[in-house]
Amino acid sequence: WSRRWRFYPGFGTMLSAAAAERNKEPILAVLRGSVSAERPLQALEISSGTGQHVTHFAKALRNIIWQPSEYDHQSLTSIEAYRAHYQLRNVKPAIHLDASLPYQYWGVEPESLDLVVNINMIHISPFPCTEGLFRGAGAVLKPQGLLLTYGPYAVNGQITPQSNVDFDHSLRQRNPEWGLRDISLLSSIAQQNGLFLERIMDMPANNKCLLFRKESLV
Ligand SMILES: C[S@@+](CC[C@H](N)C(=O)[O-])C[C@H]1O[C@@H](n2cnc3c(N)ncnc32)[C@H](O)[C@@H]1O
């Protein structure tokens, strides 16, 4: 995850991640096709990183109130710098959120959200973060709410192409608890938490968007 610094006097430090710059528009296109552009909606982004995604999405989807969140304190400062820079009324102040903790620690009300977005965290964090993400999303989403995850994944135990195999290897060398996760494993964890894998979308650079729908109790 390469990133460079940008200093904005008076606004704080807006970090910039090259990958986020490249993937923010393709992910926005998926959001446009998956959520209402008119109904007022509430969204939580988990592991917002620099703040590039949440501000990009909020500029385009004004009917959605966005709650950014991060685990890393330097990233929280960057998100606040983006908020100050863009002055978006539909982006709330960023909150500290550890995805591995039960949602009661997230500061988010149960069944209060229409959308949870999580970009490039699942493979770059220990597995309890992924388990916590699905457990928490299952709790904080309204019935029929949507969880969107983005990143590279394994499919039926296979990682393709070779560049993703190499990426997985480099991640595991950096931290043995990191690495690409299998979609079928994510799907079964999701189901244990009342979420159903509705759609898998191929994205540029051998990434995918996974769309999980919260099942309604009938
Ligand atoms: C590769 S970065 C992706 C950031 C951003 N979503 C993006 O795509 O630019 C991985 C992120 O996961 C976050 N992270 C790591 N552990 C976490 C945890 N326990 N809870 C929430 N986020 C976590 C890191 O702080 C980091 O911002």
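A crossing of two helices is right-handed if the near helix is turned clockwise from the far one by less than a right angle, and left-handed if the turn is anticlockwise. The exercises below use a predicted model.

**Exercise 1.** Describe how helix 2 packs against helix 3, and state which residues make the contact.

Solution.
Step 1. Locate the two elements: helix 2 covers residues 52–60 and helix 3 covers residues 73–86.
Step 2. Two packed helices are described by the angle between their axes and the distance between the axes. For this pair the angle is about 30° and the axes are 9 Å apart.
Step 3. Angles under 35 degrees count as roughly parallel, so helix 2 is roughly parallel to helix 3.
Step 4. Helix 2 passes helix 3 in a right-handed crossing.
Step 5. Helix 2 contributes Q52, V54, T55 and K59 to the contact, while helix 3 contributes I79, Y82 and Y86.
Step 6. Sorted by type, the residues of this contact between helix 2 and helix 3 are four nonpolar, two polar and one charged.

**Exercise 2.** Carry out the description for helix 1 and helix 2.

Solution.
Step 1. Helix 1 spans residues 18–34.
Step 2. Helix 1 and helix 2 pack at an angle of about 40°, and their axes lie 10 Å apart.
Step 3. An angle under 35 degrees would count as roughly parallel, and 65 to 115 as roughly perpendicular; helix 1 is therefore oblique to helix 2.
Step 4. The crossing of helix 1 past helix 2 is right-handed.
Step 5. On helix 1 the contact residues are A20, E21, K24, L28 and L31; on helix 2 they are Q52, H53, H56, F57 and A60.
Step 6. The contact of helix 1 with helix 2 holds five nonpolar, three polar and two charged residues.

**Exercise 3.** Is L115 buried or exposed, and which residues does L115 contact beyond its neighbours within four places in sequence?

Solution.
Step 1. L115 lies in strand 7, residues 113–119.
Step 2. Around L115 there are 23 other C-beta atoms within 10 Å. The cut-off for a buried residue is 20 or more, so L115 is buried.
Step 3. With the neighbours within four places left aside, L115 is in contact with V35, L41, A43, I64, G145 and L146.
Step 4. L115 and T149 are 34 residues apart in sequence, and their C-alpha atoms are 11 Å apart in space.

**Exercise 4.** Which residues come nearest to the ligand, and how does its shell divide by type?

Solution.
Step 1. There are 22 residues around the ligand, of which S47, G49, Y71, D72 and A99 come nearest.
Step 2. The shell divides into eleven nonpolar, eight polar and three charged residues.

Terms used:
Residues are numbered from 1 along each chain as its sequence is written. This is a predicted model: local features need pLDDT of at least 70, side-chain atom pairs count only at pLDDT 80 or more; totals for chains, interfaces and linings use all residues. Axes are lines fitted to C-alpha atoms, for helices over the stretch in contact, and angles run from 0 to 180 degrees between N-to-C directions. Helices (H or I, at least four residues) and strands (E, at least two) are DSSP runs, numbered from the N terminus. Angles under 35 degrees count as roughly parallel, over 145 as roughly antiparallel, 65 to 115 as roughly perpendicular and the rest as oblique. Two residues are in contact if their C-beta atoms, placed from the backbone, lie within 7 Å. Ala, Val, Leu, Ile, Met, Phe, Trp, Tyr, Cys and Pro count as nonpolar, Asp, Glu, Lys and Arg as charged, and the others, Gly among them, as polar. A residue is near a molecule or strand if its C-beta atom, placed from the backbone, lies within 6 Å of it. A residue is buried if 20 or more other C-beta atoms lie within 10 Å of its own, exposed if 12 or fewer, and partly exposed in between; C-beta atoms are placed from the backbone.
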